[in-house]
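Q: I've got a new model open and I'd like a quick tour. Keep it short, please.

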Amino acid sequence: MRPLFPLAFSNFLSIAAMMAFIVVVGPLIRILHLQEWHGGLMVAVAGISWLFLARPWGHASDLKGRKPVLLLAIGGFAVMYLCLALILELSEQALFSVWMLVLLLTLIRGLIGSFYAGIPVVINAFIADNFGPDKRTSAMALIGFANALGMIFGPFMAGLLVVYSLTTPIYLAAILPLLALLVVWWKLPNEKVENDASLPKPKWHDQRLRLPMASGFVAMSSVIAAQTLVGFFAIDRLQLGLNEAAQVAGYALTAVGITLVLVQGFIIKKSTMQPIQMVIVGAFISAIGFFGLIWVSQVWQLITGFSVIAIGLGLLFPGKQAMTANAVEAHEQGAASGTVSATYGLAMIVAPIMATLLYQFSSDFAFGVFAVMLLALSVMAIRQSGHRQIKFEETL
C-alpha cells in the first residue's frame, strides 16, 4: 500500500489545480470579451495534446520507469499554469488584441494538456504494477477518492479566492502541482525497469480495450460538458451575475466532489461489483442526472442534478480503469493506460465544441444528447457482459 499515498496525494493536488481553473472559465471568457466557442477551442487544443501524447507518456513509463516520467509530467503541468496566470494578468492591462489573446491562451492550454496527459496514465500504470486483479478496483477507487477530494478542495478554494480577482485561483493552480512534485520526489519509491522496448504494445484498435476506450470517451465527454456549461447555465438559466455564477459553479462542482468521495469510499470498503457491472450501473445513473438538468430552474436543483451525475461517474471511472489493467499483460500496462487515457483527449476535442454548439441551440438539447450517450454506453457494456457470460459457459 506504500506507493498509494504519493500517487493519491499528487492526484489530489493536480485535480484541485484543474478544478480551480474550471470554476472561473465561464466568467473569464465573458470578462475578457471572448465568446463561448473560444473557451471550447482552448479545451479542444488541450485535448489534441492529450490524444496524441497519452500513449507516448505511458510507453515512456514502461521503458524509463514510472517515477521519473511522473515527475516530468507534474513539473511541466505546474510551470504551464504559472504561464497562464501571467498571461491573464497582462491581458487585464489591454496589452493583447482579442485574437492574440485567444492564440496565447490556446497555446498555453495545449501545453497544460500535454503535461497533464502523463499524470493519470503513469498513476494507473503504477497501480497495475503493484496490485493484482482482485485489489485493483479498490486501489483505483482510492485514487478516485483523492480525485474527488481535489474536486472539493479546488472549487472551494477558487470560490474563496475569486473575491480578490478571477486570476487569483490560477496562481493556486500553479502552486498545488509544485507541492505534488515534492511529494512524488520524496515519497514515491524507485522501481527497477525490466521491460524490453521490442515487446509489442497495444494497438489503437485492440479488441481488449474497446469497452474501456468507449467508457473513457463517454465519461470524460460528460464531465467536460457539465464543467463547460455550468458557468454559462448559471448566468443564462438562473440569471446570476458573473461573480455569483462563478460561486454557484463552485458550489455545484464541490457537491460533485463530496458525492464522489462518498461513492469511492463505498467502493473501497464495501463494493463487490465487477468492473463491467460498475460501468453498466454508473453510466445509467449519470444519464438520469443529465436528463434531470433539463428541468432545473433553481440553484439547489442544479446542485442535485450534478450530484446524481457524480454518483454514476464515481462507479464508471474506477470500473473502466480496472477493466483496462485487467485486460493486458504486465509489459503493456503503461501503453494500455495511455491508449485508454487518449480517449480523454479525444473527448476534450469533441465535447467542448459539441457542448457549446448544442448549448447555443438549446441547453435542454445539450444535456439530453449526453444523457443518451451514457445510456448507449450502458447498453454496450450489458451486451459485452452477456457475451463474456456465454463464452464462460461454453468453456465449462
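A: Let's start with one residue. Gln227 counts as buried, because its relative accessibility is 15%. Buried means under 20% relative accessible area, exposed means over 50%, and partly exposed is in between (1.4 Å probe, protein chains only).

Q: Before we go on, what kind of model is this?
A: It is a predicted model, where local features need pLDDT of at least 70, side-chain atom pairs count only at pLDDT 80 or more, and totals for chains, interfaces and linings use all residues. Residues are numbered from 1 along each chain as its sequence is written, and side-chain values use heavy atoms, with hydrogens and water left out.

Q: OK, back to Gln227. Which helix does it lie in?
A: Gln227 is in helix α9, residues 210–236. Helices here are DSSP runs (H or I, at least four residues), numbered from the N terminus.

Q: And what does Gln227 touch?
A: Leaving out residues up to four places away in sequence, Gln227 touches Met19, Ile22 and Leu253. Contact means heavy atoms within 4.5 Å.

Q: New topic: helix pairs. How are two packed helices described?
A: By the angle between their axes and the distance between the axes. Axes are lines fitted to C-alpha atoms, for helices over the stretch in contact, and angles run from 0 to 180 degrees between N-to-C directions.

Q: At what angle do α1 and α4 pack?
A: About 20°, with the axes of α1 (residues 4–23) and α4 (residues 66–91) 12 Å apart. The two are therefore roughly parallel. Angles under 35 degrees count as roughly parallel, over 145 as roughly antiparallel, 65 to 115 as roughly perpendicular and the rest as oblique.

Q: Is the crossing of α1 and α4 left-handed or right-handed?
A: Left-handed. That word applies if the near helix is turned anticlockwise from the far one by less than a right angle; clockwise is right-handed.

Q: Which residues meet there, in α1 and α4?
A: From α1 come Leu7, Ser10, Ser14, Ala17, Met18 and Phe21; from α4 come Leu70, Ile74, Phe77, Tyr81 and Leu84. By class, the contact of α1 with α4 has nine nonpolar, two polar and no charged residues. Ala, Val, Leu, Ile, Met, Phe, Trp, Tyr, Cys and Pro count as nonpolar, Asp, Glu, Lys and Arg as charged, and the others, Gly among them, as polar.

Q: How about α6 and α7: at what angle do they cross?
A: Roughly 150°, and the axes of α6 (residues 118–130) and α7 (residues 133–161) come within 10 Å. So α6 and α7 are roughly antiparallel. Their crossing is right-handed.

Q: Which residues of α6 and α7 meet?
A: Ile123, Asn124, Ile127 and Ala128 in α6 meet Arg136, Ala139, Met140 and Ile143 in α7. That contact of α6 with α7 splits into six nonpolar, one polar and one charged residues.

Q: Stay with α6. How many of its residues are buried?
A: Eleven of 13, so α6 is mostly covered. Asn124 is one of the buried residues, at 14% relative accessibility. Beyond its neighbours within four places in sequence, Asn124 is in contact with Met140, Gln321 and Ser337.

Q: How far apart are the end C-alpha atoms of α6?
A: They are 18 Å apart, which agrees with the 18 Å that 13 residues should span at 1.5 Å a residue. The expected span is 1.5 Å times one less than the number of residues.

Q: What about the span of α11?
A: The 19 residues of α11 (residues 275–293) should span 27 Å at 1.5 Å a residue, and the end C-alpha atoms are 27 Å apart, which agrees. Its buried residues include Pro275, Gly282 and Leu293.

Q: Ile285 next. What is its relative accessible area?
A: It is 22%, so Ile285 is partly exposed. Ile285 sits in α11. Not counting residues up to four places away, Ile285 touches Val308, Ile311, Gly312 and Leu315.

Q: Last pair: at what angle do α10 and α12 cross?
A: Roughly 35°, with the axes of α10 (residues 242–269) and α12 (residues 299–327) coming within 8 Å. The crossing of α10 and α12 is right-handed. Their contact has 18 nonpolar, four polar and no charged residues.

Q: One more. Leu182: buried or exposed?
A: Exposed, because its relative accessible area is 53%. Leu182 lies in α8, residues 168–187.
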